[in-house]
Structure formats: C-alpha cells, structure tokens
Amino acid sequence: MKFVLLLSLIGFCWAQYDPHTSDGRTAIVHLFEWRWVDIAKECERYLAPKGFGGVQVSPPNENIVIHNPSRPWWERYQPISYKICTRSGNEDEFRDMVTRCNNVGVRIYVDAVINHMCGSGNPAGTSSTCGSYLNPNNREFPAVPYSAWDFNDNKCNGEISNYNDAYQVRNCRLSGLLDLALEKDYVRTKVADYMNHLIDIGVAGFRLDAAKHMWPGDIKAVLDKLHNLNTKWFSQGSRPFIFQEVIDLGGEAIKGSEYFGNGRVTEFKFGAKLGTVIRKWNGEKMSYLKNWGEGWGMVPSDRALVFVDNHDNQRGHGAGGSSILTFWDARMYKMAVGFMLAHPYGFTRVMSSYRWNRNFQNGKDQNDWIGPPNNNGVTKEVTINADTTCGNDWVCEHRWRQIRNMVAFRNVVNGQPFANWWDNNSNQVAFGRGNRGFIVFNNDDWALSATLQTGLPAGTYCDVISGDKVDGNCTGLRVNVGSDGKAHFSISNSAEDPFIAIHADSKL
C-alpha cells in the first residue's frame with residue numbers, strides 16, 4: 001500500500017513536466033498574436049495532420065490598449081483583468097478554439113501573465129480591450145478586483161535596478177509594471193481562479209511569463225490551488241503542464257534550477273549558444289555539439305523547454321543577444337531548428353512569427369514594438385497561399401517544409417537514443433536516433449562528401465529536407481542505405497538547405 005501511495009505521489013510530482021500531448025507528438029508551436037478563430041482552423045487543417053502536439057497562445061485576458069506607439073505587441077503583457085477578451089478574440093471564440101484543437105489532439109498552452117498588472121504610468125480610464133475601468137496610479141483594477149493592498153509597493157516602490165539582488169528582481173517593478181503581492185492568499189486565489197477557468201475550458205497547461213520575477217514558493221502556492229485537467233480530453237488526475245520563463249544565462253542572482261519544483265523552465269542558453277555555433281562566431285564549430293545539452297551547462301533535459309528563438313529575443317528583447325537566429329536568417333535558421341528537432345535534448349517549441357518593417361539605428365531596431373498585421377488595430381486573418389505558405393505578413397515558419405518535416409522526424413525518433421555521431425572536426429556533422437532516423441549537416445565553406453553509418457535498415461529513403469515522400473516517390477533527394485547501414489551523402493556548401501534528414505517513415 002505504501003509503495004502504491006509513493007508511486008502516486010511521484011506521479012503527481014512529475015505531472016507538471018508532462019505536456020499531455022497525444023499519440024507520440026513531441027513538439028509545440030507558438031502561434032504568436034494569432035486570433036482564436038485562425039488557431040482553431042490551423043489545428044484542424046494543418047497542425048493535427050502534420051503531427052504537432054500543441055499551441056502556445058498569446059495571453060487571452062483583458063489588457064490595456066496602448067495608442068502611443070499604436071497597439072504594440074507588448075500591450076498583451078499589461079493585464080487589467082482576467083476576462084477572456086483581447087484582440088485575438090472573445091471568450092466564446094477562445095472556448096471554440098480549445099474544443100476544436102483538443103478534438104483533433106492538439107493541446108492549448110496559455111501564456112499566463114500573473115506577476116504584474118499594467119504599467120503605473122497609464123492614466124485613469126485608459127482604454128482596455130474589454131472596456132473595463134482602471135486607475136493604475138491608485139492601483140485600482142475593479143474588474144478583478146485589485147486595490148493598492150494587492151501590490152508590492154510597501155516592499156519596493158521602484159524599478160528593478162540590480163539583477164544581482166534576488167529580492168529586488170522579485171519584488172520591484174519590471175519596466176514600470178505594477179508588481180502583484182503574490183504572497184497574499186487573496187492575490188493567489190484571484191490568479192488561480194483565472195487559471196482554473198482556463199483549465200475547466202480545456203487548456204493543457206501554462207507558460208508562466210516573468211517567472212523569474214516571482215518567488216518560487218509563491219508560484220507553488222498558486223499551482224497548488226489549480227484544478228486537474230478537464231477529463232473530456234485528459235485522463236483522470238492529470239495536472240496542468242507548467243513551463244516557466246526564467247532567463248538564466250549565468251551570472252545573475254536567480255537560477256533556473258530554483259524553479260524545477262514547479263515545472264519546466266525555458267532554457268535561454270539553448271538558442272543563444274546554438275546561434276553562436278551556427279553563425280561560427282568566436283571560433284565555435286558544429287563539431288563541438290557532440291555533448292550538446294547538459295554538457296553545455298544547460299538544465300537537465302527533463303526540466304527544459306527549448307527553442308531557437310521566441311517572441312522576445314527575435315526582437316532583441318529578453319536575452320536577445322545578436323547570436324539569436326530568426327526567420328530573417330532563413331538558411332541558418334532552418335539548420336538550427338532542424339538540429340533542435342533532431343536532437344533528444346529538452347521539450348521543443350517552434351516559433352511562428354509575423355513580419356514587420358525593421359529600422360536599424362545604432363544597432364537597434366526602432367520598430368521592435370510593432371504589433372501583429374492589422375487594419376486600424378484589428379488583427380488580420382491568417383490567409384493561406386496556394387503553395388501552403390501564409391499571407392497577410394504572417395511568416396508561419398511552422399509551415400516551412402523543412403521545419404514541418406523535422407517535427408515529423410522528431411515524432412518518428414521519439415524515445416530513441418542519440419547515436420552514430422560523426423564530424424570532420426569542423427562544421428560538418430551527422431548523428432542518428434537509434435535505428436529510426438539520421439541527419440547530416442554541412443555548415444562549412446566547402447562541399448561534404450562522406451559515407452556514414454546511419455544505423456537504419458537497408459533501403460531507399462526520401463530526404464525530408466529537400467522534399468517529401470508522396471505516393472511512394474520522393475519529391476526531393478533519395479538516400480540509399482546499404483545492408484551494412486551505411487549511406488553516401490553529398491551536400492554542397494552553397495545548397496539552399498545544407499542538411500539532409502531521413503527517417504523510418506520516409507523509407508520507400
């Protein structure tokens with residue numbers, strides 16, 4: 001009996017690390033600033049058929065409307081109530097999206113902004129996405145309700161000035177945003193009520209925005225109040241998946257490891273270091289990636305949520321070093337995402353962005369604030385072109401063949417060990433995943449030509465980077481694996497996509 005109890009406790013403790021994706025789906029996508037109606041359609045027409053496990057959605061709760069600059073993306077991170085009412089849609093549309101996505105096995109993860117409310121400098125009666133009244137100077141948010149008692153002003157009345165002081169980082173204001181007093185049970189309950197409303201609707205989990213700015217114990221107290229997931233789509237007793245935004249590049253007071261008890265953490269070193277390697281900066285080489293992951297000082301794989309870029313750092317915000325690769329660097333970006341999806345480390349999230357007109361002055365993009373494609377503030381529909389790419393300035397990296405097919409690759413090799421590493425002591429590398437998949441990269445300035453051990457059964461395979469397997473044929477390159485598991489690979493250094501990937505399901 002004690003053993004059974006212990007197992008159930010272990011299961012409960014581990015639950016918040018499980019994304020609850022269905023049938024071997026191993027990657028999620030962040031559909032940044034998409035409308036709920038477009039996400040519902042995308043789940044049905046694309047994400048489910050292509051094997052995506054879930055969607056991280058932008059914050060769904062009411063926020064302040066910023067007119068100067070005009071409707072920036074970051075207004076979504078300035079909440080004024082917990083009503084489901086934003087430029088992405090209303091509560092009915094949100095519910096419809098969650099239901100339709102869950103019904104096809106695609107989970108929804110909410111970006112939860114629970115550390116703070118809007119900035120203190122906004123005047124009383126400023127407009128909001130649902131019309132609720134607010135008076136930030138007096139700490140009045142009657143739609144919650146919160147009052148001056150519910151903020152940390154008695155602990156710290158100003159901005160964070162020293163990131164080596166954990167007390168400041170967790171109690172003072174981040175960029176003027178009013179810091180909630182999460183040690184108070186009333187505040188914890190209001191936050192938990194909001195999250196429970198979303199859980200009951202059917203969401204599978206949460207990204208906790210600005211988790212580094214909250215005490216781990218306060219987060220735990222909120223999580224302890226959360227409901228189990230909706231049994232319409234999840235097994236009895238399932239706990240919400242939690243991943244916490246903790247920017248820890250080393251050298252600050254707060255460590256990602258302090259948050260492991262609550263769930264996974266976002267591993268920002270992943271994109272920063274991988275970008276440096278792919279760009280070949282500071283003498284870094286792809287051959288050094290043989291011990292990628294914990295060997296590079298990253299958090300344990302089962303505690304990591306990983307990504308090449310996110311909505312912040314692709315704009316130079318939040319750990320946005322110049323090494324970060326984005327859709328603007330398409331050739332290198334596809335290699336980096338391909339590497340991430342082929343490698344067993346961490347739980348992977350793919351980015352899906354929109355375009356904006358960049359304007360660099362003194363090395364900084366003056367337009368890094370621009371919100372989603374819109375007509376007079378109304379977010380544009382995500383239209384789909386004849387070639388399956390997106391229109392209306394939506395980038396949709398998750399629809400790029402190379403990325404979509406690597407999501408499938410990750411699903412096929414799930415659970416298989418990292419194997420058959422090869423490198424040329426420079427920037428040509430290859431590795432396999434057990435006997436289920438193999439990938440080869442050429443990031444050198446000269447051609448790659450090598451016969452390599454793939455670990456795969458003999459046969460002819462379609463390269464899923466240059467094309468697809470369609471009706472028993474390859475629309476791209478073919479790779480012939482011999483009875484000894486070896487295959488010859490040739491990759492030009494000028495190839496549009498200088499990598500090749502094959503897997504069990506791409507075999508003819």
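Predicted model: local features only at pLDDT ≥ 70, side-chain atom pairs only at ≥ 80, totals over all residues.
**Stop 1**

Extending the selection to residues 79-86 displays strand 4, which pairs with strand 5 in the antiparallel sense over two bridges. These strands belong to an open sheet of three strands in the order 3-4-5, with antiparallel pairing. Strand 3 (61-63) and strand 5 (89-90) stand at the edges; each has a single partner strand, so one side of each lacks a neighbour in the sheet.

**Stop 1: helix 3 against helix 5**

Select residues 91-103, which form helix 3. The axes of helix 3 and helix 5 come within 9 Å and cross at roughly 50 degrees. The two helices are therefore oblique to each other.

To inspect the contact, show the side chains of E91, F94, R95 and V98 in helix 3, which meet H197, L198 and I201 in helix 5. The residues of this contact divide into four nonpolar, one polar and two charged.

**Stop 2: helix 5 against helix 6**

Select residues 185-201 for helix 5 and residues 216-223 for helix 6. Their axes come within 9 Å and cross at roughly 55 degrees, and that makes helix 5 oblique to helix 6. The crossing of helix 5 past helix 6 is right-handed.

Which residues make this contact? On helix 5 they are R188, V191, A192 and M195, and on helix 6 they are D218, A221, V222 and L223. The contact divides into six nonpolar, no polar and two charged residues.

Six of its eight residues are buried, so helix 6 is largely enclosed by the rest of the structure. The buried residues are P216, D218, I219, A221, V222 and L223. To see what covers them, display helix 4 (166-171), helix 5, strand 9 (205-208) and strand 10 (241-244), which are included in that cover.

**Stop 4**

Move to the open sheet of four strands in the order 18-19-20-27, where the pairing is antiparallel. Strand 18 (418-423) and strand 27 (499-503) are the edge strands, each with a single partner strand, so one side of each is left without a neighbour in the sheet. Neighbouring strands of the sheet are turned against each other by 10 degrees on average, direction ignored.

The strands may be followed in that order. Strand 18 is joined to strand 19 (residues 428-433) by four bridges, and F418 has R433 in strand 19 as its bridge partner. Helix 8 (residues 330-342) touches strand 19, strand 20 (437-442) and strand 27; its direction makes about 150 degrees with that of strand 20. Helix 9 (residues 401-413) also touches strand 19, strand 20 and strand 27, and its direction makes about 40 degrees with that of strand 27.

Continue from strand 19 to strand 20, which run antiparallel and are joined by six bridges. R433 has G437 in strand 20 as its bridge partner. The hairpin of these two strands has three residues between the strands, and G434 takes a positive phi near 55 degrees there.

**Stop 3: strand 20 and its two faces**

Strand 20 is joined to strand 27 by five bridges, and the two run antiparallel. Along this pairing, V440 stands opposite I500 in strand 27.

**Stop 4: A501**

End at A501, which is found in strand 27. A501 is buried, with a relative accessible area of 0%. Leaving aside residues up to four places away in sequence, A501 touches M406, F409, F438, I439, C462, D463, V464 and I465.

Definitions and conventions. Residues numbered from 1 in each chain as written. Heavy atoms only, no water. Pairing = 2+ DSSP bridges. Axes fitted to C-alpha atoms, helices over the stretch in contact; angles between N-to-C directions. Contact = heavy atoms within 4.5 Å. Parallel < 35°, antiparallel > 145°, perpendicular 65-115°, else oblique. Left-handed = near helix turned anticlockwise from the far one by under 90°. Nonpolar A, V, L, I, M, F, W, Y, C, P; charged D, E, K, R; others polar. Buried < 20%, exposed > 50% of the residue type's maximum accessible area, 1.4 Å probe, protein only.
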